[in-house]
Amino acid sequence: MKTKRIMKEQQKKKAKRCGSFALQRLADLCHDMRTPLSIILNTAQLLEEQPGENQERDLAQIRRNAQQLLRLVGNIGDLAAIDEGRVRLHMERVEGVVWLREMGLACAPYARHKGLEFLVVANLKEVWIQCDLVRLERCVLNLFSNAVRFTEPGGLVCLSIEQVGQEAHISVCDNGCGINKEQAKSLFHRFSAGHGSGLGLSLVKSFIERMGGRIEIESEVGEGTRASLLLPIDTKEAHSASTMEALGSSVAGELADLLVSWE
């Protein structure tokens, strides 16, 4: 009887700890949502009180913050789908060099708007990979947004692709503030990030691993960060024209909308 009582007490303590953790994470998410919601509501009120004045700017503000909320909700939904085994990848054959240059064209205006130098480096003719293109783009955008966020104006952000053995290394590098070793240990844990909800890198890791790849991050405090997505090279001979044609519309459309929401 005494043993059962002790076990019940231990279970209660564990449930209480788990409940406290869940409530704290929920509070973190609510905090992340509160800022864009407040901006949306305040801007909408200004439009009601002063219609016609700076309307285009105010509507853009509403759109950016609504997209930020939508992205956060989407991340939560993706994590739930991953946990429940409901994620279905749509794998296709993609030529990485052309795709990376298209990504660079989409990302460059935002980096320069933030006062950063931006480079795209691809010192090879072509490299073919199998991937879920939409999710790979989201992964690269997540790494790019982190690089921009933690690099001061006048700094450098670089997007690159190279072949190392039988892998394609897609990297986002910056010379920003970097992260320390303690932060690096929990970098891919959910809700562990020092800024924001901490969901982005957890999602990147999950998606890339499901494509058969992995993510590596090298960083030094004050020196910058290099985040690399390592994907197996597709050695098949046949090249898919349909995949190449799909790249332009994907980057120019969906990525442009996502970039707007980062301002």
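## The chain from end to end

From the N terminus on, the elements of the chain run α-α-β-α-β-β-α-β-β-α-α-β-β-α. That order holds 7 helices and 7 strands; both are DSSP runs numbered from the N terminus, with helices (H or I) of at least four residues and strands (E) of at least two. What you see is a predicted model, where local features need pLDDT of at least 70 and side-chain atom pairs count only at pLDDT 80 or more, while totals for chains, interfaces and linings use all residues. Residues are numbered from 1 along each chain as its sequence is written, and side-chain values use heavy atoms, with hydrogens and water left out.

The chain has 263 residues, of which 40% count as buried. Buried stands for under 20% relative accessible area, exposed for over 50%, and partly exposed for what lies in between (1.4 Å probe, protein chains only). Among contacts (heavy atoms within 4.5 Å) between residues at least 6 apart in sequence, 76% join residues at least 24 apart.

## Helix H4 and its two partners

Two packed helices are described by the angle between their axes and the distance between the axes. The axes are lines fitted to C-alpha atoms, for helices over the stretch in contact, and angles run from 0 to 180 degrees between N-to-C directions. Helix H3 (residues 96-113) packs with H4 at an angle of about 35°, and their axes are 12 Å apart. H3 passes H4 in a right-handed crossing; a crossing is right-handed if the near helix is turned clockwise from the far one by less than a right angle, and left-handed if anticlockwise. On the H3 side, the contact includes Trp-99, Met-103 and Cys-107, and on the H4 side it includes Leu-136, Val-140 and Phe-144. The residues of this contact divide into 11 nonpolar, no polar and 1 charged. Here Ala, Val, Leu, Ile, Met, Phe, Trp, Tyr, Cys and Pro count as nonpolar, Asp, Glu, Lys and Arg as charged, and the others, Gly among them, as polar.

H4 (residues 133-149) also packs with helix H6 (residues 200-210), at an angle of about 145° and with axes 10 Å apart. The crossing of H4 and H6 is left-handed. Among the residues that meet here are Arg-135, Cys-139 and Leu-143 in H4, and Leu-203, Val-204 and Phe-207 in H6. This contact divides into 8 nonpolar, 3 polar and 2 charged residues.

A disulfide is a covalent bond between the sulfur atoms of two cysteines. With the cut-off that the sulfur atoms lie within 2.5 Å, the count is 0 disulfides. Take Cys-139: the closest cysteine sulfur, in Cys-131, is 9.8 Å from its own, too far for a bond. Cys-139 is buried, at 1% relative accessible area, and Cys-107 is buried too, at 0%.

Ser-171 is found in strand S5 (residues 167-174) and is buried, with a relative accessible area of 0%. Its side chain makes polar contacts (N or O atoms within 3.5 Å; within protein, one must be able to donate a hydrogen and the other to accept it, and residues adjacent in sequence count only if both atoms are side-chain atoms). One is with the side chain of Ser-228, at 2.7 Å, and another is with the side chain of Arg-226, at 3.4 Å.

Asp-234 sits in the loop between strand S7 (224-232) and helix H7 (241-260). Asp-234 is buried, at 10% relative accessible area, and its side chain makes a polar contact with the side chain of Arg-93 (3.2 Å). Leaving aside residues up to four places away in sequence, Asp-234 touches Arg-93, Trp-128, Ile-129 and Gln-130.
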